[in-house]
Amino acid sequence: MREVLFFLFGGGALAGSIGVVLGRNPVHCALFLAQTLVCVAVLFLLEDAELVAAVQVIVYASAVVVLFLFVIMLLGVDREEAVTEPIKYQRPAAIAIGALVIAEILYLTGHQWATGASSVHGTIHVKGQDNVERVARVLFTDFLWPFEITAALLVIAVVGSIVLARRSGQRAEPPLDADLLDQPESSEGASVYSSPEATS
Amino acid sequence: MIADFVITDSYYLVLAALMFTIGAVGLLVRRNVLIMFMCVELMLNAANLTFVTFARRLNDIGGQVIVFFTLVVAAAEVAIGLAIIVAIFRRRRGATADDVDLLKG
């Protein structure tokens with residue numbers, strides 16, 4: 001049963017991640033990303049990490065993907081991107097680097113093994129405690145200081161994103177110098193988005 | 001299915017390695033900044049899968065706790081990154097990485 005589930009959802013995760021990379025429409029890419037995240041959540045369940053799986057579905061597969069889709073809709077970039085290659089040999093080089101990385105990781109997986117002390121922060125299964133309680137006990141004792149720092153990080157991120165995305169009063173209309181700056185390449189940039197087949 | 005066929009931790013690690021590599025290649029290949037962000041999410045998720053796998057392998061709950069911190073950092077990164085993309089898009093009318101080359105000289 002576990003084997004069937006692993007191959008089913010592992011294959012789903014891989015197919016989804018390939019779809020993210022190969023998809024031409026950003027909306028399709030976001031939906032493929034959601035598929036990958038849900039499949040990885042099932043893999044977390046298979047590895048006895050129930051709380052992590054639930055948080056993965058709630059935070060990643062809903063909040064983050066919805067945020068992506070919202071920005072795609074807001075900006076109206078749900079069009080296909082140009083297939084021109086600005087830097088020569090970029091794609092073959094990227095695929096070669098990817099092959100190198102995967103070969104290296106697979107070599108390390110096959111020939112080395114990570115050693116280390118086990119159960120430093122406590123074991124996963126304790127009789128009478130479920131997964132949520134195990135995680136909570138470690139999170140609020142051993143990891144209390146990092147936990148507080150993440151609270152500060154989230155506040156900074158929220159304030160920063162509001163400041164960055166806010167439309168300030170004088171930018172309601174595009175300033176004159178911005179138009180001048182855009183002039184040499186605005187025609188090229190616009191054509192990439194309005195008609196991808198014209199440039200390809 | 002063969003009776004003595006068991007999914008070991010190595011299967012999960014290889015799966016995470018494949019996901020990480022696909023995300024890395026996508027980050028290098030794609031031009032759309034939004035999709036590059038999605039590829040970063042893929043890489044973070046592969047790292048999470050590795051953390052959970054090693055948590056089970058070493059029987060240590062700390063691996064699962066670390067995943068929460070990764071999630072928080074990923075959420076903050078997405079919020080800031082998408083705000084930057086929105087700000088760039090307002091000025092430059094494009095969301096490809098090649099549009100932002102004013103400093104190229």
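A salt bridge is a side-chain nitrogen of Lys or Arg within 4 Å of a carboxyl oxygen of Asp or Glu. In this predicted model, the side chains of Arg56(B) and Glu47(A) meet in such a bridge, at 3.8 Å from N to O. Arg56(B) belongs to helix 2 (residues 33–57) of chain B, and Glu47(A) to the loop between helix 2 and helix 3 of chain A, so the pair joins two chains. Glu47(A) is buried, with a relative accessible area of 0%, whereas Arg56(B) is partly exposed at 23%.

## Salt bridges

Side chains of opposite charge can pair when their charged atoms come close. Over all chains, the count comes to three salt bridges. The table lists them.

| Glu47(A) | Arg56(B) | 3.8 Å |

Asp48(A) is partly exposed, with a relative accessible area of 22%, and Arg2(A) is partly exposed, with 44%.

Glu133(A) and Arg137(A) both lie in helix 5 (residues 131–139) of chain A, four residues apart, which is about one turn of the helix. An α-helix has 3.6 residues a turn, so residues three or four places apart point the same way. Both partners are partly exposed: Glu133(A) has a relative accessible area of 28%, and Arg137(A) has one of 46%.

## Helix 6 of chain A

The domain assignment of chain A gives domain 1 (1–77) and domain 2 (131–168). Taken over C-alpha atoms, the centres of these two domains of chain A are separated by 22 Å.

Helix 6 of chain A comprises residues 144–165.

Which residues of helix 6 of chain A are buried? They are Thr150(A), Ala157(A) and Ser161(A). Seen down the axis of the helix, these buried residues fall within an arc of 20°, so they line one face of helix 6 of chain A. On the other side of the helix, Trp145(A), Val155(A), Ile156(A), Ile162(A) and Val163(A) are exposed.

The buried residues of helix 6 of chain A pack against helix 3 (62–92) of chain B. Thr70(B) lies in that helix of chain B. Because its relative accessibility is 14%, below the 20% limit, Thr70(B) counts as buried. Apart from its neighbours within four places in sequence, Thr70(B) is in contact with Leu44(B), Asn48(B) and Phe51(B).

## Cysteines

A search of the whole structure finds zero disulfides over all chains. Cys29(A) is in no disulfide, and the nearest cysteine sulfur, that of Cys39(B), is 7.8 Å away. A disulfide requires a pair of cysteine sulfur atoms within 2.5 Å. Cys29(A) is buried, with a relative accessible area of 0%.

Cys39(A) is likewise in no disulfide. For Cys39(A), the nearest cysteine sulfur is that of Cys29(A), 16 Å away. Cys39(A) counts as buried, at 8% relative accessibility.

How values were computed
Residues are numbered from 1 along each chain as its sequence is written. Chains are lettered from A and ligands numbered from 1 in the order in which they are written. This is a predicted model: local features need pLDDT of at least 70, side-chain atom pairs count only at pLDDT 80 or more; totals for chains, interfaces and linings use all residues. Side-chain values use heavy atoms; hydrogens and water are left out. The expected span of a helix is 1.5 Å times one less than its number of residues. Buried means under 20% relative accessible area, exposed over 50%, partly exposed in between (1.4 Å probe, protein chains only). The arc is that of the directions from the helix axis to the C-beta atoms. Contact means heavy atoms within 4.5 Å. Domain bounds come from an automatic or database domain assignment.
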